[in-house]
Amino acid sequence: MQQALTVTQVNRYIKNMFLTDQRLNGLSIHGEISNFVNHVRSGHFYFTIKDETSALKCVMFRSNAIRLRFMPENGMRAVVQGDIQVFERDGIYQLYCTDIQPDGVGALYLAYEQTKQRLEKEGLFAKENKRPLPRYPQRIGVVTSKTGAALQDILHVLRRRYPVAEAVLIPALVQGAEAVPSVCAALRTAGNARLDVLLLVRGGGSLEDLWCFNDERVARAIRACPVPVVTGVGHEIDFTIADFAADLRAPTPTAAAELATPDAQVLQSQLQGVREYLQNTMRSEIDYRLRSLADLENRLHLLSPRQMLLQGEERLSGLHKRLHLAGTASYTNARQRYTSTLDKLETLNPLSVLKRGYAAVFDQADHLISTVSRLPMNQPIQIRMQDGTATAKVTEIYPK
């Protein structure tokens with residue numbers, strides 16, 4: 001009878017068989033990920049890769065897991081690389097993964113989409129959280145590489161477009177393994193630099209070159225920065241996670257500087273228009289005030305005691321002239337009427353007849369005696385002629 005073996009001996013033998021079989025090392029296996037577990041404490045990944053008929057347990061230790069650009073998910077089709085080995089304690093074989101690549105889509109793109117969707121659900125990109133840019137910034141911060149072309153492009157734009165602003169460089173690494181902590185540190189520094197607006201920029205490059213701007217830590221640092229942030233990363237077709245987190249996204253570093261500042265020439269034109277408007281308005285107002293003053297002066301002149309006295313004198317002089325003219329006219333008319341009446345009276349005056357040689361006879365009561373029947377006999381009578389009066393006595397009457 002063959003000698004009995006311990007369980008450990010059997011499992012160790014089988015483990016050595018797997019280790020010596022080169023066909024089980026460096027495998028690439030297509031399949032669908034299921035039962036995925038991200039062990040938070042250890043950082044290891046545990047999952048199963050399967051197809052229509054079989055399944056294979058897999059483990060990916062933290063040292064390899066931290067290098068993944070994306071997070072594996074259940075139902076994801078992937079290409080898993082690693083070695084088949086036996087877990088001696090449990091007597092099971094499994095795939096010890098060294099890398100996982102999405103099947104049919106790039107790992108970087110998948111990581112980008114996963115990060116974007118997660119932060120978007122969290123509300124990190126919400127429009128209501130976007131801060132408005134200052135209209136006339138005085139201090140403009142620039143987070144970028146101090147040796148990159150993007151910095152020179154921005155300084156050129158600021159000198160040409162808005163030279164009154166002060167540019168404050170906050171240098172950071174924008175590529176490589178240390179780029180993410182460097183950019184985050186620069187954003188924290190910018191928050192304490194008394195800036196009005198901050199430009200986070202980098203020139204063009206590959207997806208890998210721009211990858212630090214797709215990191216979740218950079219997106220959160222942008223939202224935590226108290227200064228409004230404008231991103232200008234890569235070219236117009238490049239969209240990064242940082243662009244979605246920023247308060248405003250520009251297609252290029254140059255465009256970021258243009259969006260953050262007003263155009264000095266446009267401002268000068270607007271200022272000239274405002275100056276002309278103010279001058280015209282002031283001129284019109286002065287003319288109106290002068291006309292009002294002249295009107296008030298005229299009214300004051302008309303209402304002054306001297307003017308009222310002069311007007312009274314003029315009215316009095318006019319009334320005096322009118323009265324004089326009226327009196328003269330009245331006197332003339334009266335004199336004419338008087339003369340005419342005298343002429344009429346003279347014509348009708350019986351004494352006027354005496355001038356032609358006639359005489360008038362009056363009794364002692366000075367009554368005219370026009371008939372002989374009224375002559376008193378032997379009584380004195382008055383005979384009035386042109387040049388005097390005579391007294392006579394009637395001694396005899398001769399009727400006609």
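Modeller: Strands pair here when DSSP finds at least two bridges between them. Helices (H or I, at least four residues) and strands (E, at least two) are DSSP runs, numbered from the N terminus. A hairpin of this model joins strand 12 to strand 13 through two residues.

Colleague: What should I know about the model first?

Modeller: It is predicted: local features need pLDDT of at least 70, side-chain atom pairs need 80 or more, and totals for chains, interfaces and linings use all residues. Residues count from 1 along each chain as its sequence is written, and side-chain values use heavy atoms, without hydrogens or water.

Colleague: How do you know that strand 12 and strand 13 pair?

Modeller: Six bridges join strand 12 to strand 13 (residues 388-393). At least two are needed, so they pair. The two strands run antiparallel. Gln-382 stands opposite Thr-391 in strand 13.

Colleague: What makes strand 11 a partner of strand 12?

Modeller: Strand 11 (residues 360-362) and strand 12 (residues 380-385) share three bridges, in the antiparallel sense. Phe-362 has Gln-382 as its bridge partner.

Colleague: What sits over the ring of Phe-362?

Modeller: The charged end of Arg-384, 4.2 Å from the ring centre. The rule asks for NZ of Lys or CZ of Arg within 6 Å of the centre and within 35 degrees of the ring normal. Arg-249 also lies over a face, that of Phe-239, at 3.8 Å from the ring centre.

Colleague: Why is Val-142 called buried?

Modeller: Its relative accessible area is 1%. Buried means under 20%, exposed over 50%, partly exposed in between (1.4 Å probe, protein chains only). So Val-142 is buried. Val-142 lies in strand 6 (residues 139-144).

Colleague: Why is Arg-194 called exposed?

Modeller: Arg-194 has 66% relative accessibility, so it passes the cut-off for exposed. Arg-194 is in the loop between helix 5 (179-190) and strand 8 (197-202). Its phi is positive, about 55°, although Arg-194 is not a glycine.

Colleague: How do you know that Asp-366 is partly exposed?

Modeller: Asp-366 has 46% relative accessibility, so it falls in the middle class. Asp-366 is in the loop between strand 11 and strand 12. Phi of Asp-366 is also positive, near 65°.

Colleague: What makes Ile-14 partly exposed?

Modeller: The relative accessible area of Ile-14 is 32%, so it too is partly exposed. Ile-14 is in helix 1 (residues 7-20).
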